[in-house]
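User: I'd like to learn how to read helices in a protein model. Could you walk me through it, starting with the basic idea?

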Amino acid sequence: MSQKFDVVVIGAGPGGYVAAIRAAQLGLKTACIEKYIGKEGKVALGGTCLNVGCIPSKALLDSSYKYHEAKEAFKVHGIEAKGVTIDVPAMVARKANIVKNLTGGIATLFKANGVTSFEGHGKLLANKQVEVTGLDGKTQVLEAENVIIASGSRPVEIPPAPLTDDIIVDSTGALELVEVPRHLVVIGAGVIGLELGSVWRRLGAQVTVLEYLERICPGLDGETARTLQRALTRQGMRFRLGTRVVAARSGEQGVELDLQPAAGGATESLQADYVLVAIGRRPYTEGLGLETVGLASDRRGMLENQGQRSAAPGVWVIGDVTSGPMLAHKAEEEAIVCIERIAGHAAEMNAEVIPSVIYTQPEVASVGLGEEQLQAARREYKVGRFPFSANSRAKINHESEGFIKILSDARSDQVLGVHMIGPGVSEMIGEACVAMEFSASAEDLALTCHPHPTRSE
């Protein structure tokens with residue numbers, strides 16, 4: 001006999017586990033299916049974000065920045081910290097313990113809210129059914145009025161630089177290095193490459209970033225991206241833009257890369273002991289049985305949605321498998337909206353107000369439109385810009401690099417975009433999100449009293 005549920009969620013990442021918990025809270029009989037095997041050889045909840053993404057990378061970023069501060073920044077405060085060293089295995093173990101605690105917390109929440117958890121691979125069947133293939137190969141069938149596809153994404157690989165077990169790695173492998181590379185080459189100047197590259201640069205590695213385009217962080221406001229590149233260059237990261245990798249050969253001495261200008265030209269070689277491939281992520285939609293319910297992904301693996309509904313009755317899509325930025329908080333918001341709609345409630349999500357953050361030092365945070373987008377739309381706008389070098393709190397903390405830029409409509413003064421680069425902006429961007437959600441003007445923000453001295457003022 002098959003088990004019957006109101007909601008079955010395929011995937012227990014940020015979108016999937018939030019959807020499952022919220023559904024159970026609303027009184028819906030809910031199941032969640034997950035197949036990811038963690039380091040301990042057991043199914044681990046939390047998806048990419050908790051296991052090999054947001055959480056572990058931020059743990060390493062925090063550790064590496066504390067090492068950098070102790071070694072380089074304490075002396076200006078009159079604090080002598082001699083003989084500072086880094087124990088990389090201990091740093092990695094701390095990261096792993098954080099991940100273990102957080103993923104275990106999701107299992108506790110599932111139990112507390114009455115979510116039934118299944119370990120294995122979920123596949124859509126006809127007639128509102130889902131097949132679960134367990135880790136032991138045995139199958140069972142679940143019946144579900146609603147199925148939510150929240151299977152997430154995985155790193156994109158490139159043929160010229162196929163991954164190896166420990167030398168040419170993706171973002172997951174870069175989180176597990178137990179020594180500081182002499183020379184780390186990062187392929188891709190996006191968020192993941194810059195964050196992980198900055199970890200190992202602060203710990204002493206030479207870091208070279210290769211990017212096919214003539215700029216870093218495509219999609220980021222241009223001025224902000226250029227400022228970030230200059231900051232990271234001053235920290236010792238090397239950038240080679242307009243460059244493509246045509247081959248990679250690994251051996252006992254590391255990796256030899258063959259490079260060419262993106263526009264064409266002579267080939268040259270570059271030697272590294274580790275290579276991180278970080279050119280983006282691809283939706284995980286293979287093997288889900290999409291064809292049995294009449295669904296098909298596009299060439300990127302994406303599934304279309306209208307208000308999180310797919311074209312198949314009773315099948316919903318959220319997170320990295322559908323349109324919009326591949327961000328954990330975007331998946332979580334979609335999860336709530338999706339479940340609220342399944343439960344018959346009115347729910348909306350403003351897709352124009354989804355913040356993004358790059359957790360380098362300085363941090364980068366943005367929400368809304370950038371100048372290039374406004375110019376392309378031929379929309380008249382005003383620019384307000386303030387440097388952290390003129391901010392009292394930033395100067396006190398010796399964190400005066402960067403700026404905050406507010407873009408507003410030339411006529412109505414409505415805030416259209418906010419772009420920040422500087423200290424603590426990952427926390428400050430939330431204020432801009434609230435302002436934009438309420439259609440605030442730049443003047444509204446200016447007339448709001450902020451405490452002094454703070455970065456936010």
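Analyst: Helices (H or I, at least four residues) and strands (E, at least two) are DSSP runs, numbered from the N terminus. The expected span of a helix is 1.5 Å times one less than its number of residues. This is a predicted model, where local features need pLDDT of at least 70, side-chain atom pairs count only at pLDDT 80 or more, and totals for chains, interfaces and linings use all residues. Residues are numbered from 1 along each chain as its sequence is written, and side-chain values use heavy atoms, with hydrogens and water left out.

User: How many residues does α4 have, and how far does it reach?

Analyst: Helix α4 covers residues 88-113, which is 26 residues. From first C-alpha to last it reaches 38 Å, close to the 38 Å expected. Just after α4, G114 has a positive phi of about 80°.

User: Which residues of α4 are buried?

Analyst: Buried means under 20% relative accessible area, exposed over 50%, and partly exposed in between (1.4 Å probe, protein chains only). In α4, the buried ones are V88, M91, V92, K95, V99, T103, I106 and F110. Contact means heavy atoms within 4.5 Å. The buried residues of α4 pack against several elements, among them α1 (14-25), α3 (54-73) and α6 (191-202).

User: At what angle do α1 and α4 cross?

Analyst: Axes are lines fitted to C-alpha atoms, for helices over the stretch in contact, and angles run from 0 to 180 degrees between N-to-C directions. Under 35 degrees counts as roughly parallel, over 145 as roughly antiparallel, 65 to 115 as roughly perpendicular and the rest as oblique. The axes of α1 and α4 come within 9 Å and cross at roughly 20°. That makes α1 roughly parallel to α4. On the α1 side, Y17, A20, I21, A24 and Q25 meet I106, L109, F110 and N113 in α4.

User: And which residues of α3 meet α4?

Analyst: I55, P56, A59, L60, D62, S63 and S64 in α3 meet M91, R94, K95, I98, V99 and L102 in α4. These two axes, of α3 and α4, come within 9 Å too, crossing at roughly 145°.

User: Why is α6 called largely enclosed?

Analyst: Nine of the twelve residues of α6 are buried, so the rest of the structure largely encloses this helix. Its buried residues include L194, L196, V199 and W200. The end C-alpha atoms of α6 are 17 Å apart, which agrees with the 16 Å its twelve residues should span. Just after α6, G204 takes a positive phi of about 115°.
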